[in-house]
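Here is a report on one protein model. Please keep the sequence and the structure in view while reading.

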Amino acid sequence: MIAHVDSYLPLEACGLLAGRGTKVDAVLPVKNQAKSPVRFVMDPLEQLHAFEWIDSRHLDLIGIFHSHPTGPETVSPTDIAEAAYAVVHVILARADQGWRAHGFWIENGGFQEVHLQIG
Ligand SMILES: [Zn+2]
């Protein structure tokens, strides 16, 4: 995930998180067709292929991640407006020399931070 968002700088990067229950088993980078430093639009074909890959391994889509190369460390109004799946949204915000990850549950025009266990 870090390598992918690093490789996209200064643009936003995005992708899917697959697993079972609340445990992530696979990170699937998806091309950001918006090519923007402040928003992302998943490339539909790559997204479709990622969904097929997830299905073929009998995993579930449990999260979507994207980076905020210029912050903030929270969801943006665009993120709330465009949240299309009831999954955890992981945002990697540029902090110091690295990235800080926060998870959010977005629902009904609002959001709540959820605890991420990394490692
Ligand atoms: Zn965002």
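## Loops and backbone

With 6 C-beta neighbours inside 10 Å, Asn108 counts as exposed. The model is predicted: local features need pLDDT of at least 70, side-chain atom pairs count only at pLDDT 80 or more, and totals for chains, interfaces and linings use all residues. Residues are numbered from 1 along each chain as its sequence is written.

Asn108 lies in the loop between strand 5 and strand 6. Helices (H or I, at least four residues) and strands (E, at least two) are DSSP runs, numbered from the N terminus. The phi of Asn108 is near 50°, positive in a residue other than glycine. Lys35 also has a positive phi, near 45°. This lysine sits in the loop between strand 2 and helix 2. Lys35 is exposed, because 12 other C-beta atoms lie within 10 Å.

Most residues other than glycine have a negative phi, and most peptide bonds are trans.

| Cis peptide bond | Omega | Loop holding the proline |
|---|---|---|
| Leu9 and Pro10 | about 5° | Pro10: between helix 1 and strand 1 |
| Gly71 and Pro72 | about -5° | Pro72: between strand 3 and helix 3 (77-82) |

Six strands form an open sheet in the order 2-1-3-4-5-6, with mixed pairing. Two strands pair if DSSP finds at least two bridges between them. Strand 2 and strand 6 (110-114) are the edges, each pairing on one side only. From one strand to the next, the twist averages 30°.

Strand 1 pairs with strand 2 in the antiparallel sense over seven bridges. Strand 1 pairs with strand 3 in the antiparallel sense too, over six bridges. Ala18 takes part on both sides: its bridge partner in strand 2 is Ala26, and Leu61 stands opposite in strand 3.

Strand 1 and strand 2 form a hairpin with two residues between them. Gly21 in the turn has a positive phi of about 65°. Thr22 is found in the loop between these strands. Is Thr22 buried or exposed? Thr22 is exposed, because 11 other C-beta atoms lie within 10 Å. Thr22 and Ile62 are 40 residues apart in sequence, yet 7.0 Å apart in space, C-alpha to C-alpha.

Helix 2 lies across strand 1, strand 2 and strand 3, running at about 155° to strand 2. Axes are lines fitted to C-alpha atoms, for helices over the stretch in contact, and angles run from 0 to 180 degrees between N-to-C directions.

## The core

A nonpolar core is a set of buried Ala, Val, Leu, Ile, Met, Phe, Trp, Tyr and Cys residues joined through C-beta atoms within 7 Å. The largest one has 23 residues, of which Cys14, Leu16, Leu17, Ala18, Val30 and Phe65 touch the most other members. Elements giving two or more residues include helix 1 (2-8), strand 1 (14-20), helix 2 (44-56) and strand 3 (60-68). Strand 1 gives the largest share, four residues.

Which residues does Leu16 contact, leaving aside neighbours within four places in sequence? They are Leu28, Val30, Ala50, Leu61 and Ile64. Contact requires C-beta atoms, placed from the backbone, within 7 Å.

Methods: A residue is buried if 20 or more other C-beta atoms lie within 10 Å of its own, exposed if 12 or fewer, and partly exposed in between; C-beta atoms are placed from the backbone. Two residues are in contact if their C-beta atoms, placed from the backbone, lie within 7 Å.
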